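Welcome! Take a look at the structure below, and then we will walk through two parts of it together.

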Amino acid sequence: MRHRLLVPGAAALSLLLAIPASAADFTPGAPGVGDTYYPESGNGGYDVSHYDLRLKYQPKTDLLEGTATLLATTTQDLSRFNLDFGLKVSEMRVNGKKATFATSGKHELEVTPATPLEKGRQISVVVRYAGKPSELKIDDFTAWARTPDGAVIAQEPDSAVWWFPSNDHPTDKATYDVSVAVPDGTQALSNGVLASQTSKLGWTRYNWRSDKPQATYLTTLAVGKFDITTDTTANGLPVINAVSKDLGANEGSARASIERTTEITEWLESVFGPYPFNAVGGYVPNVPARYALETQTRPFYGKKAFDRGTNVSVVVHELAHQWYGDSVSLKDWKDIWINEGFAAYSQWLWSEKEGEGTAQELADYVYAQHPADDPFWKVKPGNPGAENQFDAAVYDRGALALQALRTKVGDKVFFDLLKSWPTEHKYGNASVADFVTFAEKKSGKKLAGFFDTWLFQPSKPAAGAAKRSLGAPRGPVAQPKSWKQIAATHDAHGH
């Protein structure tokens, strides 16, 4: 029998072409983004645009209950995808339909939707969960700190896995609504502005909104009893500062330091350009920690950061991060100099402004106090290694490189760089290599060799190179007045 060959018409052909790819064409998203230092951080296959976190926290028991809604877009044909999260999940929905889930690795939550997800599709993910975050240990560590009247989460490079499911890497930034119910008489602080506050049946709910792209590790939560002050900058920016009611002897110095936030922000705008977010401020909870962190719009300061009295320099550092690190975030954790070198250098510029030592004098001092065989020079700020990510050399040698750049290209070009970089890369991600290219373009100079000497060689730049770049003097170098407080802030960055 001969079979007749049927040629489909245009309408039928369009139907054939519309048939979706077979299930075999859908693959799982990667369980990490491939970061150089933290390969398990983040996930592949989707980009999150918004997090809506609706939480309830009881300080007495440390019980956190939550419903997280993630809005995202798929970047591949997905059979399943991962979230980074550690607490116990009770229900998972994708696009309104129940999804199955399983745990793997240290903090991976594998989600399988009811039907595969096509590339380019907008999706919603709803996760219901509960647990005691302080009991969640990853590598024998918890980032969740309980306090006498509440709890605080502020850590780098990881913190989100202890309190909300996420794509936990700085390359996937999103906007946030964080709604937290706590017992009456207790307050809840987060990023951005307080959109509303309501009380019902013994619980008060605080609704915070951060409306600009924000990395997961920069998202913070503090529950406790605080003295809160509000202000506005000259440009009308809301300023919200909070100090725990039980800081003891450190209360005065903590308040005196962070209450200069308005002044410092206005000054930083003259250096780095317009402030990029919807609010600014800081908070000091009763956490016996010395470190500080640039949590977006509302930096965290550990109580012990003020053991030696007021520390305005650390406030300058964390606020400078709002431009360098928060608005322009790193692409890979090896690019930490993009964050810390510039924030450290802002302290040198503040010292110069305050008449307590110029940036040049600070550079001369840092260069002179470390002999060539000092391990300080073995750390490469441009790629220090995970074990040295927060080493003092990343800050001091990182700032030293910027002063050398200032000398090489001149003040006009240099300060234009400081403003144009966060303006042209606002809300994005960048690498050290990106900055080198940017600096070459803006200055009209070939700078690759220069940056290699100051950021990537595990050795002290030769006296000749230092002389050309820094104008470094011969003989003893006096310690600038500001140095002790600048050096003290190094303790505030041992995350």
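Predicted model: local features only at pLDDT ≥ 70, side-chain atom pairs only at ≥ 80, totals over all residues.

The crossing of H8 and H9 is right-handed. Helix H8 covers residues 411–424 and helix H9 covers residues 432–443. Their axes come within 10 Å and cross at roughly 130 degrees. H8 is therefore oblique to H9.

Which residues bring H8 and H9 into contact? On the H8 side they are Val 413, Asp 416, Leu 417, Ser 420, Trp 421 and Glu 424. On the H9 side, they meet Asp 434, Phe 435, Phe 438, Ala 439, Lys 442 and Ser 443.

## A sheet of three strands

Now find the open sheet, which has 3 strands in the order E3-E7-E6. The pairing in this sheet is antiparallel. Which strands stand at the edges? They are E3 (81–84) and E6 (100–104). Each edge strand has a single partner strand, so one side of each is left without a neighbour in the sheet. Neighbouring strands here are turned by 30 degrees against each other on average, with direction ignored.

## Zooming in on one pair

How many bridges join E6 to E7? There are 5, linking E6 to strand E7 (residues 108–112), and the two strands run antiparallel.

Notes
Residues numbered from 1 in each chain as written. Heavy atoms only, no water. Axes fitted to C-alpha atoms, helices over the stretch in contact; angles between N-to-C directions. Helix = DSSP H or I, 4+ residues; strand = E, 2+ residues; numbered from the N terminus. Parallel < 35°, antiparallel > 145°, perpendicular 65-115°, else oblique. Left-handed = near helix turned anticlockwise from the far one by under 90°. Contact = heavy atoms within 4.5 Å. Pairing = 2+ DSSP bridges.
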